[in-house]
Amino acid sequence: MPTTTRAAVVETGGAPFTLSDVVLDEPGPHEALVRMVATGLCHTDLGVASGGLPFPLPGVLGHEGAGVVEAVGSAVTGVTPGDHVLLSFTSCGDCRNCRGGHPAYCATWLPLNLLGGSRADGTNTISREGQALGGHFFGQSSFAERALADERSLVKVDPDVPLESIAPLGCGVQTGVGAVWNVLKPDTGSTVVVLGAGAVGLSAVMAAALTPATRIVAVDRVAERLSLATELGATHTVDTSGTDLAPALAEITGGQGADGVVETTGNVGVLRQGVDALAARGTLVVVGAPPFGTEVALDVNGLLGGKRIVGLTLGDSETQTMIPALVRLVKDGRLPLHRLIGTYPFGDIDRAVQDMRSGKTIKPVLMF
């Protein structure tokens, strides 16, 4: 049977979130109905809500959900009612990248997660007063008291870990962690530089602290975030509000450059500085996403020393393996994610948005 629930709806690009009663379709064969307990707020949600991406509006966003399964479709085998789950991105499961363990590069990733607003077959998951709304965002649309989620978006997790403490693992945290663990894979004694100390960047710092890297450099313009980065494992910080990045990194690395750089700001000027700061055979991971069509100029001869520039989506994570591992690290206190989180009642979503934009809160988590 369809389910009526309360959701935060974006009516048009640039409009605030407004709470509204919506109707969820009954679960399809590979879907589950999840009672939301918490959901993280991500810059991707804000970018879509601003009208910066062609997601169909009015619509329901949200893609870092955490909750309890209430009902499952006829073909669901991975979860059962009562299971605690995190909600992450969805994927087809059948293309070459999905079968190869890289579902974040699914052949149908964009329409299934970010742009389509509906199931793969074109049917809608959410309606209001008989009119279809944009939904199926990252296979979940979790800015609602209940969400209709793809089975491939669901990851069963340890019920002893509070869901509000791990909701951000579904997107931002696994992105920062995956940039380090799945792409850079630091060797003993290497130098990792993280450009931007927001939720993704600080997740990369925490991940680097769990590797053999001996220099972990956090770069930002906000002193408080750099102080937090030090507490989370950074060995050096650079405050670019008063210091030039290039000479600072040259001094820290003894002129050798960085073995790995994680660029989270989406600023192409910062990206260029990161590429220039790489050591021979170093790798820069592009995580921050500027508007579509943005280009960056590079010194081609500067790349000939074996430098690599790698784009990244969702940490190149295989969620069924990555997310439970991260949950265990949170539970054991080795990934202090709570240092990034500020909680808000679901009804205060617009205050959470304002606090995220102003930098007051690094990672808002909405509570239901």
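Colleague: Which residues in H4 meet H10?

Modeller: Gln 174, Val 177, Gly 178, Trp 181 and Asn 182 in H4. They meet Thr 319, Met 322, Ile 323, Leu 326 and Leu 329 in H10. Contact means heavy atoms within 4.5 Å. By class, that contact has 6 nonpolar, 4 polar and no charged residues. Keep in mind that this is a predicted model: local features need pLDDT of at least 70, side-chain atom pairs count only at pLDDT 80 or more, and totals for chains, interfaces and linings use all residues. Residues are numbered from 1 along each chain as its sequence is written, and side-chain values use heavy atoms, with hydrogens and water left out.

Colleague: At what angle do the axes of H4 and H10 cross?

Modeller: Roughly 105°, and the axes come within 12 Å. H4 and H10 are therefore roughly perpendicular (65 to 115 degrees).

Colleague: Switching to the sheet. What is the strand order?

Modeller: S4-S1-S2-S7-S8, open, with antiparallel pairing. Two strands pair if DSSP finds at least two bridges between them. S4 (59–60) and S8 (131–133) are the edge strands.

Colleague: How many bridges join S2 to S7?

Modeller: 2 bridges. Val 23 stands opposite Ser 127 in S7.

Colleague: How many disulfides?

Modeller: 0. A disulfide needs a pair of cysteine sulfur atoms within 2.5 Å.

Note on methods. Helix = DSSP H or I, 4+ residues; strand = E, 2+ residues; numbered from the N terminus. Axes fitted to C-alpha atoms, helices over the stretch in contact; angles between N-to-C directions. Parallel < 35°, antiparallel > 145°, perpendicular 65-115°, else oblique. Nonpolar A, V, L, I, M, F, W, Y, C, P; charged D, E, K, R; others polar.
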